Amino acid sequence: MKFSVKAWSSGKARTGVLHLGSFEMETPSLLLSTRKGLPHFISPDLLPSLPSPDSRLLQFSPLHFLDGLSPKTISKIGGLHQMLGLHEYGFVAVARDSIQCLPSHDGTNRVGPSFETPCGRHLIKPIEYMEMISSMRPNIWATLADEVPAWVSEKRNTSSVDRTVKWLDECIALRPIGGEVFGAIVGGSNEELRQHCAREVARRNVSGYWIGGFGLGESMDERPALLNAVCDNLPEEKPRLICGLDLLEEVLQGVAAGIDLFDSTYINHITLGGFALTFPLDGIEAKVSNFQPSDVGSDRIKINLRATVYRKDTTPIVEGCSCYTCRNHTKAYINHLLNVHEMLAQTLLELHNTHHYLGFFRLIRESIKEGKFERFRQRFIADRHDDLAVSAANA
Amino acid sequence: MALRFEVLGRFNRARAAQLTLPHFVCQTPLFMPVGTQGTIKGLTNDQLEEIGCQIILGNTYHLALRPTSELLDELGGLHSFMKWPRALLTDSGGFQMVSLLHLADITEKGVTFQSPIDGKPMLLTPEESIQIQNRVGADIIMALDDVVKTTITGPRIEEAMYRTLRWIDRCVAAHKRPNEQNLFGIVQGGLDPVLRDICVRGLVERNLPGYAIGGLSGGEDKDSFWRVVAQCTAALPEDKPRYVMGVGYPLDIVVCSALGADMYDCVYPTRTARFGTALVPEGVLKLKHQAMADDTRPIDPSCSCMVCKNFSRAYIHCLVTKDAMGSQLLSYHNLYYMMKVHTSIFVDFQGPTNA
């Protein structure tokens, strides 16, 4: 793996190039969320229809395989790339997947972090984790972290930092075969602890940083200070990956603080809800021309395709969008699929939403390269505030 | 009549043919996957084309409920709604009603039932069924027939057979688009060769574009099943397609093709995929079984579909019944397998050696 920073804008926002195995991609960029290595609904033969190389980084949790595939068998098959036939893709292993493998801070103890998984609560020790990593051979893997929600006591928060650093050392000591290690950084909502953890991890020999403990109850207002407390204490030339920032404004907060890679479950959540992203990309005006605040959750960012207003709408989700869904299908058809609970709805939505969200990241990179990132960010926030104000006034 | 049927090769009673429909030129024998509600569970049109699907079946009962035939008509028909570039077939809606609804009853007027939406009494007549299918716009539409299970005995079978013949006339009269949609009649008569014969001759007299053999695949023993198919294919015209409804297992399809049938439909490959079962040359493979958890071979080493080329049984095992992707991948493989069964029959006819 090679990473280099290329351009800056508005202080800490930066673009970079990540060279990983068989491909190179620009950052800031998105990790696509997967279940057992494959997207939730997009089958592997449809993956190439997504923009490339933007869509080549896939996040997975080793804990996904607890329910039926042993590390021994995965080793026998030859690792994840071989098992999935996705040799041209990059896999990033992170224990927390924010959908089905959720940190369970009260189950965690000195020995390892605990997660709520579909197979029940599971405590994973570094030695077990590293056995999984060795068998799966991801391109990048994050060390184990004790992530705590924003409201825990300072004592609990402090012990989470101590444990996380300890497990980092244990994981590294159990040298796996290949794969770049990203050191995990926590610290909850305490700026000093965040700073302390970042400095400790920065002293270790890691290829990059995985910043955890966000999206667990902290407010958007307190987040910039916490992000800065971390990023300001990390070397500039190593990549920073963050988990738990989903909404567009949250991603922008992360970019502003100097984050390069985003592990987000936004696409999954809106897809399951029947929503499609429609906010304008690059001057392509969404057909939400007469924007009206609605009581079905549609706004300037997305539309709720379950709404009856789309029953006979034979236009694509976004006019001019080049994704598979918009080139081939209409809002009316997806509305029908949602109503009759057909899986194809989720496949088509995940395709479009991924395509669109990747477009957002492309806009971010362009604005940084043009030195206009802060202006870009302010415009997005302003639009969003307008929508919320109108919706509130009409409620 | 809106189709052309040309036999290109024969082997005894089996035939390979080209069936030209308004939306697509098909090779028979062919298998039609069932896309009940306007989609084949989880697969995109591109994938279906890659697999080799030529005709998809839509269920009139389900589509009439949602999104309704009127909406489909307004938006240009089911082809346009689904953006499916190949052929479509709709059934009459009668079978689903009888099998899915409580208190469904058949009278001379039609099928009376309780609306699943509000419980009101409703009636599906032959005229109404054809009108709905005219609005949906499929290449092939099916007559409303009076279908009885083959496990039933007694005068009900004869009554159903004669009623089917009376209803076909009503269907033909109600059909507003004979130059764009082909109305197939359905042969009934249970397992009784005399009744089946009367029904075949009655339908053939009406000179329909194609004929279906109905009322089978409902629990009768295999010997009875094959005998009825053999009798019907012997009596139906050579130059028109023959469709055995609700079939089925790969072996049944091969045998029926040997007896001279051309078209089939069944939910089996896609339904069994959702239960974690794959179709393989040796029969079936139950991916749910613990034994699959460390089997690193592909589902079918002789299969060249993207599932068998990329994945192991062990990986599919950890997906099935737990993750949507599992049933998508298995549906893909199972349909690919079914299509291969057909193309191999078709290809074998082209050369001097035969199936």
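Predicted model: local features only at pLDDT ≥ 70, side-chain atom pairs only at ≥ 80, totals over all residues.
Biologist: OK, and where is Asp91(B) found in chain B?

Modeller: Asp91(B) sits in the loop that runs between β6 (87-90) and α5 (94-100) of chain B.

Biologist: Is Asp91(B) buried or exposed?

Modeller: Asp91(B) has a relative accessibility of 10%, and it counts as buried because the cut-off for buried is under 20%.

Biologist: What does Asp91(B) touch, if we skip residues up to four places away in sequence?

Modeller: With those left out, Asp91(B) touches Gly58(B), Asn59(B), Thr60(B), Gln96(B), Gln133(B) and Met142(B).

Biologist: And Asp265(B), which strand does that lie in?

Modeller: Asp265(B) belongs to strand β14 of chain B, which covers residues 263-266. At 10% relative accessibility, Asp265(B) counts as buried.

Biologist: Which side chain does Asp265(B) join in a polar contact?

Modeller: The side chain of Asp265(B) makes a polar contact of 2.8 Å with the side chain of Tyr243(B). Not counting residues up to four places away in sequence, the residues that Asp265(B) touches include Phe31(B), Met32(B), Leu57(B), Tyr243(B) and Gly246(B).

Biologist: Switching topic to cysteines: how many disulfides are there over all chains?

Modeller: The count comes to 0 disulfides over all chains. Cys26(B), for instance, is in no disulfide, and the nearest cysteine sulfur, that of Cys53(B), is 11 Å away. Cys26(B) also counts as buried, with a relative accessibility of 0%.

Biologist: What about Cys199(B), how far is its sulfur from the closest cysteine sulfur?

Modeller: The closest cysteine sulfur to that of Cys199(B) is in Cys232(B), at 8.2 Å, which is too far for a bond. Cys199(B) is buried as well, its relative accessible area being 0%.

Biologist: Over to chain A, what is the order of the open sheet of 3 strands?

Modeller: In chain A the order of that open sheet is β7-β8-β9, and the pairing is antiparallel. Strands β7 (102-103) and β9 (120-123) of chain A stand at the edges with a single partner strand each, so one side of each is left without a neighbour in the sheet. Strand β8 (residues 114-117) of chain A is joined to β9(A) by 4 bridges, and Glu116(A) has Arg121(A) in β9(A) as its bridge partner.

Biologist: Last one: how many residues does helix α11 of chain A have?

Modeller: Helix α11 of chain A, residues 344-369, has 26 residues and reaches 38 Å from its first C-alpha to its last, close to the 38 Å expected at 1.5 Å a residue. Of those 26 residues, 23 are buried, so α11(A) is largely enclosed by the rest of the structure. The helix α11(A) is followed by Gly371(A), which has a positive phi near 75 degrees.

Definitions and conventions
Residues numbered from 1 in each chain as written. Chains lettered and ligands numbered in written order. Heavy atoms only, no water. Helix = DSSP H or I, 4+ residues; strand = E, 2+ residues; numbered from the N terminus. Buried < 20%, exposed > 50% of the residue type's maximum accessible area, 1.4 Å probe, protein only. Contact = heavy atoms within 4.5 Å. Polar contact = N/O pair within 3.5 Å; in protein donor to acceptor, adjacent residues only side chain to side chain. Expected span 1.5 Å × (residues − 1). Disulfide = S-S within 2.5 Å. Pairing = 2+ DSSP bridges.
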